[in-house]
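Student: I'd like to go through this one with you, starting from the inside. Can we bring it up?

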Amino acid sequence: MVNAIVITPVKNSIETTLDTARAIAASSVPVKHVIFNDFSTEETKMKLEEERAEIGYDLIHIEDLTDHPSPNYKLVLQMAQKMGLEEELPVLVIESDVVVKPTTIESLLRFQATHPKSGLVGSVTVDEQGIVNFPYLKFKGVKEQVISTHRSLSFCCTLFSLPFLEAFDFTELDEAKDWYDTFISKNLLSWILRITS
């Protein structure tokens with residue numbers, strides 16, 4: 001039985017995407033991984049198709065659903081929310097340039113389970129040298145392992161709790177925006193885990 005739905009929006013970047021997918025497949029807890037291919041090149045599309053069975057992810061081609069040009073983050077979030085609600089599972093966004101540790105997803109899920117009122121739980125991301133990445137520079141000097149924040153989160157590696165998915169309707173997101181990290185995360189209490197995915 002899977003513990004979460006993990007989604008990865010993709011626009012090309014095939015090598016990093018496959019690294020991301022392999023890391024998710026190696027997670028210490030079972031998850032359902034869905035890659036949303038958002039109008040990538042034919043070469044990327046073919047490679048995603050070739051690797052899906054071996055690595056173990058579901059693949060949705062956005063071009064089969066809409067002719068709206070990339071990015072289609074709102075549609076991806078709406079589809080992920082629908083999946084989460086139907087399967088009664090939290091949804092975790094892991095972007096296509098993030099390589100998680102085997103225990104990262106388990107740590108996020110465990111924290112959310114012990115803090116049921118948390119809406120979003122994110123992981124600070126670092127580069128190969130262990131230096132905190134750009135989206136989380138605002139937390140660079142913080143020593144605590146867990147940070148409660150009202151500041152906006154990047155959705156690089158962020159868990160949406162099931163209660164949050166039930167309470168916040170993604171169909172109401174502003175059509176004029178391409179990205180929703182700041183808008184969504186500024187509207188509720190978020191948590192950051194320093195598990196450095």
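Student: Which residues line the largest cavity?

Tutor: This is a predicted model, where local features need pLDDT of at least 70, side-chain atom pairs count only at pLDDT 80 or more, and totals for chains, interfaces and linings use all residues. Numbering runs from 1 along each chain as its sequence is written, and side-chain values use heavy atoms, with hydrogens and water left out. A cavity is a set of points, on a 1 Å grid over the protein atoms alone, where a 1.4 Å probe fits but cannot get out, and lining residues have an atom within 4 Å of a point. Here the lining is Ile7, Leu77, Ala80, Gln81, Val91, Val93, Phe160, Leu165 and Phe170.

Student: And which element gives the most to that lining?

Tutor: Helices (H or I, at least four residues) and strands (E, at least two) are DSSP runs, numbered from the N terminus. Helix 3 (73-87) and strand 4 (91-94) each bring at least two lining residues. The top contributor, with three residues, is helix 3.

Student: How much space lies in the largest cavity?

Tutor: Grid points are joined across faces, edges and corners, and the volume is the space filled by probe spheres set on the points. One cavity of 30 Å³ or more turns up. The space in the largest cavity is about 30 Å³.

Conventions. 1 Å grid on protein atoms, 1.4 Å probe; cavity = no way out; pocket = protein on both sides within 12 Å on 5 of 7 lines; lining within 4 Å.
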